[in-house]
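Colleague: I would like to learn how to read contacts between aromatic rings. Could you take me through them in a model?

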Amino acid sequence: MNLKAILASVAVAAIAMPASSQIFWSSEYPKERPVEVGIHAGLNVAYMSDADYDYWGNSYYNDDTTDPIAGFHAGIDLKIAITRTFYINTGCYASMKGGTWKAWGDDLANAPQYKETVRPIYLDIPLLFTYRMIINDNNSIDLGLGPYFAIGVGGKWKEENRITGINDYDGDFFSDENHTRNFDCGVQFNIGWNYQYFYLGMGFQAGCVKVFKDYTYQADNGQWYQTGSSLYNTNFMITVGARLF
């Protein structure tokens, strides 16, 4: 292909691209835009699921889930349009998750002695493939599904002695002492209603990475044991927000 043919092809493409883009972004659909940026915040109802818990060798928890705990999420929402009705939905959110459970001490015959409460804070980055059902100029419904990725940035672990009422432990959640992972990822589903500039939605996250690492410890009898847990983050979300542009 000679230079003139290449230049002609580039010229045709340059003319065709704006023309084709007008199919999606013409004045016929003034409400549509290729990029949307908003602020979102809301309530988390989080727990850790699929528990098989054995921690430090002398506190035990064994059940399907921990008890739920209330948290929050807040951050920037970004939607990139592929067509008028399909979007890539991402963003960055600070999100408090966690759970609470009762643990036994050395004497397993007694009632649970400790109440454990964990509130890890993550930076969540979702990557959702979103379908937008356009109802009219002011109303639409978004359905999103895809992975999320999370980095642990803070949070607390509190262990309350239920007999004395004193906190036996009150420290950082993400630490070598607690054998916690500061990375999580999983599957997220969102459904939301858009009204003009405002958003109201719900979501669900199911983590696929264990919250705690497997590790070994030395018991009082001098023997070494390997232990860990199969706890995964699970989170229900209620979100309100506003589109900035």
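Modeller: What follows is a short walk through the aromatic rings of this predicted model.

Colleague: What describes a pair of aromatic rings?

Modeller: A pair of aromatic rings is described by how far apart the centres are and by the angle of the planes. In this structure, the count comes to 9 aromatic pairs. One of them joins Trp157 and Phe212, with ring centres 5.7 Å apart and planes at 70°. Planes over 60 degrees apart count as edge-to-face, so the pair of Trp157 and Phe212 is edge-to-face.

Colleague: Where do Trp157 and Phe212 lie?

Modeller: Trp157 belongs to strand S9 (residues 139-161), while Phe212 is in the loop between strand S12 (198-207) and strand S13 (215-218), so their pair ties together parts 55 residues apart in sequence.

Colleague: Are Trp157 and Phe212 buried or exposed?

Modeller: Both Trp157 and Phe212 are buried. Another pair, Trp193 with Tyr195, is tilted, at 6.0 Å centre to centre and 40° between the planes. Trp193 has 38% relative accessibility and so counts as partly exposed. Tyr195 is also partly exposed, with a relative accessible area of 35%.

Colleague: Which residues do ring pairs link into a cluster?

Modeller: The cluster consists of Trp101, Tyr122, Trp157, Phe173, Phe174 and Phe212, linked by ring pairs.

Colleague: Which charged end sits over the ring of Tyr122?

Modeller: That of Lys97, 5.2 Å from the ring centre of Tyr122. Likewise, the charged end of Arg132 sits over the ring of Tyr87, 4.5 Å from its centre.

Technical notes
Residues numbered from 1 in each chain as written. Predicted model: local features only at pLDDT ≥ 70, side-chain atom pairs only at ≥ 80, totals over all residues. Heavy atoms only, no water. Phe/Tyr/Trp six-rings, centres within 6.5 Å; stacked < 30°, edge-to-face > 60°. Helix = DSSP H or I, 4+ residues; strand = E, 2+ residues; numbered from the N terminus. Buried < 20%, exposed > 50% of the residue type's maximum accessible area, 1.4 Å probe, protein only. Lys NZ or Arg CZ within 6 Å of the ring centre and 35° of its normal.
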